[in-house]
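Student: I am new to this structure, and I would like to learn how to read its features. Please take me through them one at a time.

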Amino acid sequence: MTPRTKAALAAIVAALAAGGIVAATRDGPDEQATPTTAPATTAAPTSIASSTAAPETSEAPTAASPRSDVGPYQVATARVSSVDVTLDAPPGADSEEATSSSAPAYSERQDATLPLPRIEQPVQGRTATEDGYRFDNPQPFGDELTFLVIRRVGDSLQVHLPVRPNGTTGWVKAADVEVSEVTSHVEVNLAERTLRLFDGAELTSESPVAIGTNETRTPTGRHFISDKLEEPSGAQRYPWSLGISAYSEQLDTFDGGAPQIALHGWRDTSAFGKARSNGCIRVPDGVIEQLAALPLGTPVDVYAE
């Protein structure tokens, strides 16, 4: 058993001890999973919503230019055991505009969903407060709490948040985090059903992927890698599930937990190039290994077309 798997199992045991409900079908096909409604008073554990894995591609990627800004990007890693995030901007923020970005637009439709987390419905490791959110460090699967940074104003950083509505931003104290840079970013084109990995402006990998159905669409917008879970060899999602900061915009729970979107492998290679998942992005084995090597906080830009 790997250290990552041990950390994931420890998180599950802790959730069960606290009365939480953990997905019992993590390794099952997402087409067969049945969304459920969690009790409003129970903290829903973070459960990476399902997708499917793909065959490795042997062809070298063709030349392509990134649609998004090419970075480098700043990420903020927590220094403390929990980080408080406020939604209100600090003094002086209004006079300083955020750096312009070519990131994709967030989904206009977020049907039949409520904010996650919210005060009456926390998510494991992520809690709503009166003026924002509180995030535990480490996160439920043992990863360091990490945010994608937008800008700095004085002693505060504006960051993208792993909450719903997707696209929510907030402010953290610079003293609570350590800032570093990443150079890679991921772009997913839902119309083409294609994933491209860039290091700066250089295309390093390109692959067909599976995406969400019309009923459970893959959310567009700028997200980031927030969690990494190494899957056991017998799992459908083998070898990795990489949670991103987005949540399903049609499901309120998934497999008894929060409907977090993920990039992950899938053993049924016939899924690639199709819309079959509950919102996640199914990636070929060789590509998901490349993505798993990326730092937490790496941007994942999802375009509608």
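Tutor: Gladly! Helices (H or I, at least four residues) and strands (E, at least two) are DSSP runs, and they are numbered from the N terminus. This is a predicted model, in which local features need pLDDT of at least 70 and side-chain atom pairs count only at pLDDT 80 or more, while totals for chains, interfaces and linings use all residues. Residues are numbered from 1 along each chain as its sequence is written, and side-chain values use heavy atoms, with hydrogens and water left out.

Student: How many helices and strands does the protein chain have?

Tutor: The protein chain has 2 helices and 19 strands. Of its 305 residues, 55% are buried; buried means under 20% relative accessible area, exposed over 50%, and partly exposed in between, with a 1.4 Å probe and protein chains only. A contact means heavy atoms within 4.5 Å. Among contacts with a separation of 6 or more, 73% are between residues 24 or more positions apart.

Student: Which way do β3 and β5 run relative to each other, parallel or antiparallel?

Tutor: Two strands pair if DSSP finds at least two bridges between them. Here β3 (residues 82-86) and β5 (residues 132-136) run antiparallel, joined by 5 bridges, and Val-83 faces Phe-135 in β5. Strand β5 also pairs with β4 (residues 126-128), in the antiparallel sense over 3 bridges. Within that pairing, Thr-127 has Arg-134 of β5 as its bridge partner. The link from β4 to β5 is a hairpin of 3 residues.

Student: Where is Arg-193 placed, and what is its phi?

Tutor: Arg-193 is in the loop between β10 and β11, and its phi is positive, about 55°, although it is not a glycine. With a relative accessible area of 29%, Arg-193 is partly exposed. Asp-255, not a glycine either, has a positive phi of about 50° and lies in the loop between β15 and β16. Asp-255 counts as buried, at 12% relative accessibility.

Student: Which residues of helix α2 are buried?

Tutor: In α2 (residues 285-292), the buried residues are Val-287, Ile-288, Leu-291 and Ala-292. They are on the same side of α2 because they cover an arc of only 140° around the axis, judged by the directions from the helix axis to the C-beta atoms. An α-helix has 3.6 residues a turn, so residues three or four places apart point the same way. The cover over the buried residues of α2 includes β10 (184-189), β11 (194-199), β12 (202-208), β14, β15 and β16 (258-264).

Student: How many residues of β15 are buried?

Tutor: The number is 8 of the 8, so β15 is largely enclosed by the rest of the structure. Strand β15 pairs antiparallel with β14 over 5 bridges, and Leu-229 stands opposite Ser-241 in β15. Another 4 bridges join β15 to β16, also antiparallel; there, Gly-243 has Ala-262 of β16 as its bridge partner.

Student: How many cavities of 30 Å³ or more are there?

Tutor: On a 1 Å grid over the protein atoms alone, a cavity is a set of points where a 1.4 Å probe fits but cannot get out, and a pocket is an open set with protein on both sides within 12 Å along at least five of seven lines; lining residues have an atom within 4 Å of a point. Grid points are joined across faces, edges and corners, and a volume is the space filled by probe spheres set on the points. The count is 2 cavities of 30 Å³ or more, and the second largest cavity holds about 50 Å³. Its lining includes Tyr-106, His-160, Arg-222, His-223, Ser-245 and Ala-246. The elements giving two or more residues to that lining are β14 (221-230) and β15 (240-247).

Student: What is the volume of the second largest pocket?

Tutor: The second largest pocket has about 270 Å³. It is lined by 15 residues, of which Leu-190, Arg-217, Thr-218, Thr-220 and Ala-304 are the closest to its centre.
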